[in-house]
Amino acid sequence: MDNRSETEGGGLACIEGSTPTIVNCNFTSNEAGRYGGAVYAAANSHPTITYTVFHQNASNNGKGGAIYSRNNQPMISFCQFTENTAPLEGGAIYLRDTTAIVSPDNTFTDNRGCGGSDIATESDDGVTINASYNTFSGYAGSEYYVLPSERFNLDGHVSSLTLIDADVY
């Protein structure tokens, strides 16, 4: 897919309780004006995304260069995220008020975001994010940005992380 949206979801918008299954897709060079350069998921949608490539997608004025997820429960596994960008948080993935499984075997390479080059989370309720058994490489910025404090499961260990100089390592 190679598309553009002025607001959300340059390639795909999942809303209003939808439960899409996305398998073996390529999201390349999609752009969104605000959220989710490739995929925007909100309003109790529960996408399952597997074996999918996200390459050079951009959220031009917002969050989630490849994926923006709010108020749902996405499952993301066996995916590749390369060179996705967001000027704010979540170069690859931004999760807001979301309990998510971003595991296993996702690969994150050279994604860029002001807060969280690869994964950024934000919640008023302290949701749980499982990001175990993934591979992170490339850009030297922070891989994770957790605000204000979330339960973040990284490589099989559940930790309650707090903000440390805008980056969590």
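1. Thr98 sits in the loop between strand S14 and strand S15 (100-102). Strands here, like helices, are DSSP runs numbered from the N terminus (helices are H or I with at least four residues, strands are E with at least two). Thr98 is buried, at a relative accessible area of 0%; buried means under 20%, exposed over 50%, and partly exposed in between, using a 1.4 Å probe and protein chains only. Its side chain reaches the backbone nitrogen of Asn71 at 3.3 Å, and a polar atom of the Thr98 side chain lies 2.7 Å from the backbone oxygen of Arg96. For these polar contacts, the rule is a pair of N or O atoms within 3.5 Å; within protein, one must be able to donate a hydrogen and the other to accept it, and residues adjacent in sequence count only if both atoms are side-chain atoms.

2. A word on the basis of all this: the model is predicted, so local features need pLDDT of at least 70 and side-chain atom pairs count only at pLDDT 80 or more, while totals for chains, interfaces and linings use all residues. Residues are numbered from 1 along each chain as its sequence is written, and side-chain values use heavy atoms, with hydrogens and water left out.

3. Next, the strands around Arg96. Strand S14 (residues 93-96) pairs with S18 in the parallel sense over 4 bridges; pairing requires that DSSP finds at least two bridges between the strands. Within this pairing, Tyr94 stands opposite Ala120 in S18. Strand S18 (residues 119-122) is covered on both faces: Ile119 and Thr121 are buried on one side, and Ala120 and Glu122 are buried on the other.

4. The structure holds 6 salt bridges, each defined as a side-chain nitrogen of Lys or Arg within 4 Å of a carboxyl oxygen of Asp or Glu. One of them joins Lys63 and Glu89, at 3.5 Å from N to O. This pair links distant parts of the chain, 26 residues apart: Lys63 is in the loop between strand S9 (58-59) and strand S10 (67-70), and Glu89 is in strand S13 (residues 85-89). Lys63 and Glu89 are both buried.

5. How many partners are worth checking around Arg96? Arg96 forms a salt bridge with Asp97, where the closest N and O atoms are 3.6 Å apart, and both residues are buried. Arg96 also forms a salt bridge with Glu122, at 3.8 Å between the closest N and O atoms. Through shared partners, salt bridges join Lys63, Arg70, Glu89, Arg96, Asp97 and Glu122 into one network.

6. Ser45 lies in the loop between strand S6 (39-41) and strand S7 (48-50). Ser45 is buried, at 0% relative accessible area, and its side chain reaches the backbone oxygen of Cys14 at 3.1 Å. His46 is in the loop between S6 and S7 as well, but His46 is partly exposed at 27% relative accessibility. His46 and Ala100 are 54 residues apart in sequence, and their C-alpha atoms are 9.6 Å apart in space.

7. Val23, in strand S3 (residues 21-23), is partly exposed at 36%. Phe78, in the loop between strand S11 (75-77) and strand S12 (80-82), is partly exposed at 32%. The C-alpha atoms of Phe78 and Asn134 are 8.8 Å apart, although 56 residues separate them along the chain.

8. Last, the cysteines. A search of the whole structure finds 0 disulfides, a disulfide being a pair of cysteine sulfur atoms within 2.5 Å. Cys79 is buried, with a relative accessible area of 1%, whereas Cys114 is exposed at 64%.
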